[in-house]
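Open the structure in your viewer and keep the selection tool at hand. The stops below follow one another.

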Amino acid sequence: LSAAYEFTKHPHIKVALIEASVAPGGGAWVGGQLFTPMVVRKPAHLLLDDLNIQYDEKENYVVLKHAGLFTATILAKVLASPNVKLFNATSVEDFIIKGSVVTGVVTNWALVTKAHGTQSCMDPQVMEAGVVISSCGHDGPFGATGVRRLAELGMIEKLKGMRALDMQAAEDDVVKMTQEIVPGMIVTGMEVAEAYGTARMGPTFGAMLLSGRKAAILALNKLSKHKNVGK
């Protein structure tokens with residue numbers, strides 16, 4: 001959502017937001033252990049300022065009274081943007097790969113994806129893209145599915161897997177390692193931890209906000225270069 005929000009500032013870019021769950025936002029609807037407040041380490045609070053979300057300010061972090069306040073606000077902004085289309089309850093089952101470049105995704109209804117072992121073949125659809133941003137998170141039934149598939153295809157080495165919790169190091173490393181993992185695909189958020197073996201961070205969300213924004217900027221730079229080459 002943070003990446004998609006950055007794209008709303010560039011209305012000439014068409015964005016397909018694909019979410020396996022019915023409700024987009026992953027774990028950002030609640031804080032740690034299902035408690036409601038959200039902790040955001042600075043300087044990620046600047047995104048909250050941009051969204052006009054109120055918070056209680058502490059020394060090096062801020063606290064929202066409910067995590068859903070952030071997620072609902074940014075989701076509303078993203079969905080209201082004419083250049084963003086949300087496909088929720090939709091899974092990315094595979095990638096379109098031409099040569100060694102990711103050029104799109106293979107999609108199906110999330111429930112169909114989970115039922116493949118119980119039914120005969122249910123063919124998917126495809127979406128081509130100038131760049132794919134993968135933010136599948138960690139753990140869970142759909143966790144890290146993007147980088148897992150790259151590993152299965154031999155496009156990256158075996159996943160290092162997320163290490164144990166180190167909150168301060170984790171947030172810095174996730175933002176730092178947000179990058180184009182293979183040509184055409186940028187990895188962001190906690191999927192970075194699964195790919196590169198950085199620590200888990202627990203109930204703090206600053207890196208999620210900044211990692212998504214960085215991914216969008218990387219994608220915009222890549223798309224801009226492609227446009228210039230075509231001139």
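**A hairpin, a sheet, a helix and a ring**

Select Phe 95 and, in β7, its bridge partner Val 105. This is a predicted model: local features need pLDDT of at least 70, side-chain atom pairs count only at pLDDT 80 or more, and totals for chains, interfaces and linings use all residues. Residues are numbered from 1 along each chain as its sequence is written, and side-chain values use heavy atoms, with hydrogens and water left out.

Strands are DSSP runs of E, at least two residues, and helices are runs of H or I, at least four, numbered from the N terminus; two strands pair if DSSP finds at least two bridges between them. Two residues lie between the strands of this hairpin, where Gly 99 has a positive phi near 70°.

Next, select the open sheet of three strands, ordered β2-β4-β3 with antiparallel pairing. β2 (38–41) and β3 (56–57) are at the edges with a single partner strand each, so one side of each has no neighbour in the sheet. Between β3 and β4 (residues 61–64) there are two bridges; Glu 57 stands opposite Val 62 in β4.

Now go to helix α6 (residues 167–177). Which residues are buried (under 20% relative accessible area, 1.4 Å probe, protein chains only)? They are Ala 170, Glu 171 and Val 174. Seen down the axis, the buried residues of α6 fall within an arc of 95° (directions from the helix axis to the C-beta atoms), so they line one face of the helix.

Last, select Lys 85 and Phe 87: Lys 85 lies over the ring face, 5.7 Å from the ring centre. A charge sits over a ring if NZ of Lys or CZ of Arg is within 6 Å of the ring centre and within 35 degrees of the ring normal.

Notes. Buried < 20%, exposed > 50% of the residue type's maximum accessible area, 1.4 Å probe, protein only.
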